[in-house]
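Hello,

Here is the structure I promised to pass on. Have a look at it first, and then read my notes below.

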Amino acid sequence: MQWFGFGFNAFGQICVNEGLSKGADSDVTKEVKVIRPTELTSHVERSGCCLKTSQIKASWSRRACLHLVGDSRVCLAGFGADVSGDSCGDSVVESRGCKDAFISELYLTLAFPDRIESWDLQMKEKTPSWSMEIKTQPESSEPPLNLPLVPGGYIATKPPLYRSLSPHLRAKSLALGAEHAILLCATGAVYTWGLGSHGQLGHGGLTSEEEPRAVEALWGMPMSCVATGGWHSVCVSGKCYTKMLTMKWVTALNLRDKNPLFFTDGGDLYVWGWNESGQLGLPSRGLRKAPQQQRRQQAGASCQDDSKSPDRELNETERREEVFISIQAFPALLDVTPPCEIRTVCCGSRHTAAVTTRGDLYTWGWGEYGQLGHQTLVSSDEPQCVEFFREQQMHVVDVVCGTWNTFVAIIKEEVACS
């Protein structure tokens with residue numbers, strides 16, 4: 001599996017910024033925007049061993065690569081990391097043996113088999129800012145939690161780091177936005193809480209919620225994946241079915257009953273919240289205003305000799321076609337063209353990326369740093385396939401969004417088909 005990155009690179013999160021590594025000021029800006037998907041450099045140990053990246057977690061100024069093969073650890077690239085040489089970043093000594101990681105702008109949280117630790121990235125302390133022990137329960141039927149979820153709660157992006165959650169929610173995964181959260185339960189239900197001023201909670205209004213509240217518009221439609229950006233939320237439906245199992249399989253799969261809920265690989269995409277940059281994939285006034293002005297000017301030039309006013313004709317057309325959405329307070333089904341099923345989705349601050357079951361990557365939203373992967377700096381309010389990976393015969397298997405950049409995991413198509 002290989003990883004590629006594109007978008008914001010001011011701190012060398014994607015590739016080493018030559019201006020930074022050489023200490024030059026004049027050439028730094030030329031590598032701030034990486035518009036072409038670029039393969040990430042693997043971390044090479046002093047012994048010459050090359051570490052393979054299993055997962056990536058990203059914040060605004062950093063990228064954390066999680067290496068799970070062999071002696072597991074985390075390597076950091078970006079702000080504060082060593083940018084000299086061809087390495088992907090600094091190996092975090094305290095991370096050896098960790099199984100999961102979660103990074104925010106201020107903290108790096110590491111999950112070990114017996115404990116969880118949060119380290120302050122601004123300090124050079126030898127002890128974690130927060131930690132908790134984990135009691136191993138080998139007979140538990142619940143799947144292991146992935147950060148930022150921890151036993152009894154979750155890790156926030158700022159103090160207090162530990163926040164409790166009701167065990168009745170049966171949390172499966174959690175995504176944290178700028179000031180709101182979206183939780184996926186084991187049943188497929190979705191809960192949100194936090195700031196609601198941009199409709200990002202999906203409850204139909206702009207009010208905030210202090211406690212997790214079910215998104216009633218999705219009730220009865222189990223979801224399989226949730227993601228959140230700065231002020232928008234996205235989820236993927238899970239086509240579920242119940243399968244009658246024999247007691248042999250119930251025991252082997254460590255299940256509670258003989259009729260568990262299973263989810264297929266792909267589903268539909270639901271979006272809600274702020275759409276100022278087209279991050280919902282719905283018509284955005286800001287993105288379509290300039291093209292309409294250009295059409296008006298072109299129509300005016302071509303119709304100067306016509307008796308019918310071009311402005312009047314265009315205004316009538318625009319009144320029929322203009323349906324812009326600034327805030328979508330309820331979940332809306334997003335159509336992707338051509339029709340496809342979505343396997344997973346991730347959000348940056350104001351852009352969204354989704355992987356289909358066929359291995360294609362679609363992106364939309366704010367693109368000023370090249371984070372959409374279309375090798376331009378153009379924003380889009382329509383999901384568009386990133387042709388680079390198709391052209392290179394690469395099968396996309398995962399996507400992770402930083403605040404202003406995107407990281408993609410791929411395998412070669414011949415491997416995917418074998």
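Accessible areas here come from the Shrake-Rupley method with a 1.4 Å probe, and for residues only the protein chains shown count as cover. On that basis the protein chain exposes about 21,200 Å², of which carbon and sulfur atoms supply 51%. Please keep in mind that this is a predicted model: local features need pLDDT of at least 70, side-chain atom pairs count only at pLDDT 80 or more, and totals for chains, interfaces and linings use all residues. Residues are numbered from 1 along each chain as its sequence is written, and side-chain values use heavy atoms, with hydrogens and water left out.

First, the overall picture. The protein chain has six helices and 31 strands (DSSP runs numbered from the N terminus; helices are H or I with at least four residues, strands E with at least two). Of its 418 residues, 47% are buried (under 20% relative accessible area; exposed is over 50%, partly exposed in between, with a 1.4 Å probe and protein chains only). Taking contacts (heavy atoms within 4.5 Å) with a separation of 6 or more, 52% are between residues 24 or more positions apart.

Now the rings. Rings of Phe, Tyr and Trp (its six-membered ring) pair if their centres lie within 6.5 Å; planes under 30 degrees apart are stacked, over 60 edge-to-face, and the rest tilted. By this rule there are 16 aromatic pairs. In one of them, Phe8 and Trp404 have ring centres 5.1 Å apart and planes at 75 degrees, so the pair is edge-to-face. This pair joins distant parts of the chain, 396 residues apart: Phe8 is in strand S1 (residues 2-8), and Trp404 is in the loop between strand S30 (394-401) and strand S31 (405-412). Phe8 is buried, at a relative accessible area of 3%. Phe8 and Trp404 also belong to one aromatic cluster with Phe11, Trp60, Phe79, Trp366 and Tyr369.

Gln279 is buried, with a relative accessible area of 0%. Leaving aside neighbours within four places in sequence, its contacts include His232, Arg350 and Trp364. A polar atom of the Gln279 side chain lies 2.7 Å from the backbone nitrogen of Ser277, and one lies 3.3 Å from the backbone oxygen of Trp274.

Best wishes

Technical notes: Polar contact = N/O pair within 3.5 Å; in protein donor to acceptor, adjacent residues only side chain to side chain.
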